Amino acid sequence: MSLTGDGHPQKVQSFKVSANLFGMLGVQPQLGRVFSQDEEEPGKDQEIILGHALWEQRYASDPHILGKHVKVGGKAYTVVGVMPKGFDFPMPAEAWTPLALNSKDRERRDTRWLWVLGRLKPHVSFSEASAEMQGIAQRQAEAYPDTNKGWQLRPMPLAQFMTGYLTRQYTILCMGAVAFVCSSPAPTLPMCSLHA
């Protein structure tokens with residue numbers, strides 16, 4: 001999103017999230033509050049929670065930032081919270097706004113841009129939950145073949161999602177780039193080294 005208003009315009013990595021995300025992750029803002037359920041309604045979603053680094057850098061760690069208005073894409077948003085240092089989920093989030101879907105969007109079956117997180121019920125294993133989700137996906141594909149046929153649910157533990165798959169892909173990409181640089185005849189690069 002584009003953050004405007006006081007200071008120069010700044011591109012900020014932001015995410016639209018449901019009101020219960022922060023509570024589910026067990027994290028509370030350093031300042032202020034998280035979103036309320038009614039802020040998930042279109043027209044009532046003009047609040048923003050700032051990431052700690054953004055609050056420090058752009059707003060000089062202003063302790064009175066709560067209640068102030070910032071402009072996002074030309075619209076005024078009210079700052080309701082500042083997250084603690086180091087919290088940037090989903091990485092690299094710098095700000096969060098409420099996920100406010102209208103009834104038409106909620107009923108669409110061909111929407112594929114949402115990430116869904118959840119907690120396992122007590123005494124339910126990940127493999128049991130995965131099997132149940134595959135069953136749900138199969139029933140949805142049979143009931144709604146136009147939009148759901150060929151689509152599967154692929155659950156994974158949050159730690160694997162955040163570090164496992166993505167880290168492996170970035171590591172392979174970086175190793176390929178380093179191998180390319182090391183193998184190219186470049187007299188200005190006499191040697192290559194990898195550092196952890």
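**Exercise 1: The lining of the largest pocket**

Task: Determine how the lining of the largest pocket divides by residue class, and which parts of the chain supply it.

Solution. The model under study is predicted. Sorted by class, the residues lining the largest pocket comprise 28 nonpolar, eight polar and 11 charged ones. The volume of this pocket is about 2,400 Å³. Its lining consists of 47 residues, and those closest to the pocket centre are L114, W115, V116, L117 and L153. The next step is to assign the lining to secondary structure. At least two lining residues come from each of β3 (14-17), α1, α3 (103-107), α4 (126-143) and α6 (158-183). Helix α4 contributes the most, namely eight residues.

**Exercise 2: Aromatic pairs**

Solution. Two rings pair if their centres lie within 6.5 Å. The positions in the chain are considered next. F22 belongs to helix α1 (residues 21-25), whereas F35 is in the loop between β4 (31-32) and β5 (47-50); the pair therefore ties together parts that are 13 residues apart in sequence. Finally, ring pairs join F22, F35, F87 and W96 in a cluster.

**Exercise 3: Charges over rings**

Task: Identify the ring over which the charged end of R109 sits, and the ring whose face R112 lies over.

Solution. Begin with R109: its charged end is placed over the ring of Y144, at 3.4 Å from the ring centre. Then turn to R112, which is positioned over the face of W151, 3.8 Å from the centre of that ring.

**Exercise 4: The surroundings of T4**

Task: Decide whether T4 is buried, partly exposed or exposed, and list the residues that it touches beyond four places in sequence.

Solution. First, locate the residue: T4 is part of strand β1 (residues 2-4). Its relative accessible area is 22%. Buried means under 20% and exposed over 50%, with partly exposed in between, so T4 is partly exposed. Leaving out residues up to four places away in sequence, T4 touches P9, R58, K71 and G74. Of these contacts, K71 deserves a separate step: T4 and K71 are 67 residues apart in sequence, yet their C-alpha atoms are 5.1 Å apart in space.

Note on methods:
Residues numbered from 1 in each chain as written. Predicted model: local features only at pLDDT ≥ 70, side-chain atom pairs only at ≥ 80, totals over all residues. Heavy atoms only, no water. Helix = DSSP H or I, 4+ residues; strand = E, 2+ residues; numbered from the N terminus. Phe/Tyr/Trp six-rings, centres within 6.5 Å; stacked < 30°, edge-to-face > 60°. Lys NZ or Arg CZ within 6 Å of the ring centre and 35° of its normal. 1 Å grid on protein atoms, 1.4 Å probe; cavity = no way out; pocket = protein on both sides within 12 Å on 5 of 7 lines; lining within 4 Å. Points joined across faces, edges and corners; volume = space filled by probe spheres on them. Nonpolar A, V, L, I, M, F, W, Y, C, P; charged D, E, K, R; others polar. Buried < 20%, exposed > 50% of the residue type's maximum accessible area, 1.4 Å probe, protein only. Contact = heavy atoms within 4.5 Å.
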